[in-house]
Amino acid sequence: MSDALFEFLCRMGDNTLVLGHRISEWCGVAPVLEEDIALANTALDLIGQTQLWLGLAGEVEDKGRDADRLAFHRDVWDFRNLLLVEQPNGDFGRTMMRQFLFDGWHLAQLKGLMGSDNDQIAAIAEKSVKEVTYHHERATDTVIGLGDGTEESHKRMQAALDRLYPYVGEMFISDAVDEEMVSAGIAPDPASLRPGYDAMLDAVLTEATLQKPADDFAHKGGKSGARHTEHLGHMLTQMQWLQRAYPDATW
Amino acid sequence: MYAQMIKSTGEGVKSLDDMEPDERAFQERINAGGKIEPKDWMPEGYRKNLIRQIGQHAHSEIVGQLPEGNWITRAPTLERKAILLAKVQDEAGHGLYLYCAAETLGVTRDQLTRDLLSGKMKYSSIFNYPTLTWADMGAVGWLVDGAAIMNQVPLQRTSYGPYARAMVRICKEESFHQRQGFDIMMKMAKGTEAQRKMAQDALNRFWYPSLMMFGPSDAESVHSAQSMAWKIKMNSNDELRQKFVDQTAPQAEYLGLTIPDENLKFNEETGHYEFSEPDWDEFFDVLKGNGPCNTERLEDRNRAWNEGRWVREGLLAHAEKKRKTAIAAE
């Protein structure tokens, strides 16, 4: 049980860590000042959530690893984030499409976790859900605004959706870890979140005048750690460089 | 400072007796410690001077995100990453309030942005220096924000209302920034040998550029005299620089770091530190565009603006469509 719980907590924390990192890459170069502020704010929320999820993961594991140790001293195969969040930023449209696709799932997941039998998880979910509600609203508005904006913005948002949609399915695939979480009353079944997500997606895409790709093919291997994309390793070389170059230092 | 070498009218300060009634009333209000608000009468020179000063300050906040943003993706702990993100976010926020303050003077943010991107308007020389190690995040907070605060605290009493009020908010956040910078330096200075070396190296590289932030001596400057009469500049550059050195030298000693100035010593008689002037030729080179990072900083800002055009146009087009639909529905 504690192994599966550790895995589950790493999944939550790695998603927020990796996406928080990706968004922070935008620092200072967003299309408009308000977006700089909003992106930094989102990254800040996600890094804060990472401290909570990975902190709890370390406690559950009970091997003396804290959130920093988990964030900065694991290699690619130990990361449990969804493939979606490790995808490179691309243009601003792709960044916001990735955010929107993830936030829709993240929000539903957190709402489910608020009813978790594990009080610590329920508490983290309750704190995070307020932040993620805002992330989702903002990403939704941006996807609609740019999808239904100019011809160019529409074209770019459709391209972003086409590029990222194959990474949506992984969020809803259940595996042995999920089954254990469901039977222990800790987390909702991922598959159970799909109908609500699809309805949300259809409504937003319609308003954004975007076309959902017909093919439902889903890449997987992120949350299980079986096969990440090549992008994650490059991200870690930057994110973990200092800690690994100076392993004796405290900061 | 975040605003350096700001030109005023260049005509010298007029006496009250030489002023027309409007201008005289304006100056008397300032002399009495009153605030000027956007709709009040003001001399054209005051308005233009303030646009240059507030605009340059805003640009400094915006460009200032870049050297620190350079380390967000390499921050050593989750907490340090979060603090740095919050700090850079604050700076973007400061940019926003300052652009809003400038807009009350009849200029648009887009116009100011175009002037920054074309190189017509400047930002503080300090942001043209590179951040090379994590200790630089400490040095920037401790020295650069420390120098900025010296100037910004008195500006809370500046004569222009919107600027003074923006400065009140900014100062609260800046003092937090300086503390976190000092905290990073302390960790580094008390850390491993490599960390101490990094901390000393950061101090070596940032000391003189920080002194340059105050600008060259302006004791003889007609521009500064006018700005001071209008209370949009509250202290001379030399006064603020001295205050900064007096504050910083004991802090460096506490950290066990050496300020790279052989002439630095405390003068018991004056109660102030004596110190060497920075290399002003280097300062003027940086202002001319020849600092270590001028090219990159402007390239980054231009790229962000150009690559973001489709986003701004897309969102505007959508807002326009919604407005038309709303009107049609009425």
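Biologist: How many residue pairs are in polar contact across the interface of chain A and chain B?

Modeller: Before the count, please note that this is a predicted model, in which local features need pLDDT of at least 70 and side-chain atom pairs count only at pLDDT 80 or more, while totals for chains, interfaces and linings use all residues; side-chain values use heavy atoms, with hydrogens and water left out. Residues are numbered from 1 along each chain as its sequence is written, and chains are lettered from A and ligands numbered from 1 in the order in which they are written. A polar contact is a pair of N or O atoms within 3.5 Å; within protein, one must be able to donate a hydrogen and the other to accept it, and residues adjacent in sequence count only if both atoms are side-chain atoms. Across the interface of chain A and chain B, this rule finds 15 residue pairs, with both residues at pLDDT 80 or more.

Biologist: Which element gives the most residues to the side of chain A that touches chain B?

Modeller: Helices (H or I, at least four residues) and strands (E, at least two) are DSSP runs, numbered from the N terminus. Among the elements that give two or more residues to this side of chain A are helix H1 (2-24), helix H2 (33-61) and helix H6 (119-147), and H2(A) gives the most, with 11 residues. By class, this side of chain A has 25 nonpolar, 15 polar and 9 charged residues, where Ala, Val, Leu, Ile, Met, Phe, Trp, Tyr, Cys and Pro count as nonpolar, Asp, Glu, Lys and Arg as charged, and the others, Gly among them, as polar.

Biologist: How many residues does each chain bring to the contact, and what is the area buried between the chains?

Modeller: Contact means heavy atoms within 4.5 Å, and here the contact takes 49 residues from chain A and 47 residues from chain B. Buried area is the accessible area (1.4 Å probe) that two parts lose on being put together, summed over both. Between chain A and chain B this area is about 4000 Å², of which carbon and sulfur atoms give 70%.

Biologist: How many salt bridges are there between chain A and chain B?

Modeller: Side chains of opposite charge can pair when their charged atoms come close. A salt bridge is a side-chain nitrogen of Lys or Arg within 4 Å of a carboxyl oxygen of Asp or Glu, and the count between chain A and chain B is 2. A:Glu34 meets B:Arg109 in a salt bridge at 2.5 Å, N to O. A:Asp148 forms a salt bridge with B:Lys321, their closest N and O atoms being 3.0 Å apart, and this pair crosses from the loop between H6 and H7 of chain A to helix H13 (residues 309-329) of chain B.

Biologist: What does B:Lys87 touch, leaving aside its neighbours within four places in sequence?

Modeller: B:Lys87 lies in helix H4 (residues 78-103) of chain B and counts as buried because its relative accessibility is 0%. Its contacts beyond those neighbours include B:Glu68, B:Val140 and B:His177, and the side chain of B:Lys87 makes a polar contact with the side chain of B:Asp145 (2.8 Å). From B:Lys87 to B:Glu68 there are 19 residues in sequence and 8.9 Å in space, C-alpha to C-alpha.

Biologist: Which residues touch the most other members of the largest nonpolar core?

Modeller: In soluble globular proteins, nonpolar side chains tend to be buried together. A nonpolar core is a set of buried Ala, Val, Leu, Ile, Met, Phe, Trp, Tyr and Cys residues joined through side-chain atoms within 4.5 Å. The largest one has 139 residues, and A:Met97, A:Leu101 and B:Trp134 touch the most other members; its largest share, 11 residues, comes from H1(A). Leaving aside neighbours within four places in sequence, B:Trp134 is in contact with residues including A:Leu242, A:Trp251 and B:Trp71.

Biologist: Where is B:Lys231 found, and what is its phi?

Modeller: Most residues other than glycine have a negative phi, and most peptide bonds are trans. B:Lys231 has a positive phi of about 55° although it is not a glycine, and this residue is found in the loop between helix H9 (222-229) and helix H10 (237-255) of chain B. At 26% relative accessibility, B:Lys231 counts as partly exposed.

Key
Buried < 20%, exposed > 50% of the residue type's maximum accessible area, 1.4 Å probe, protein only.
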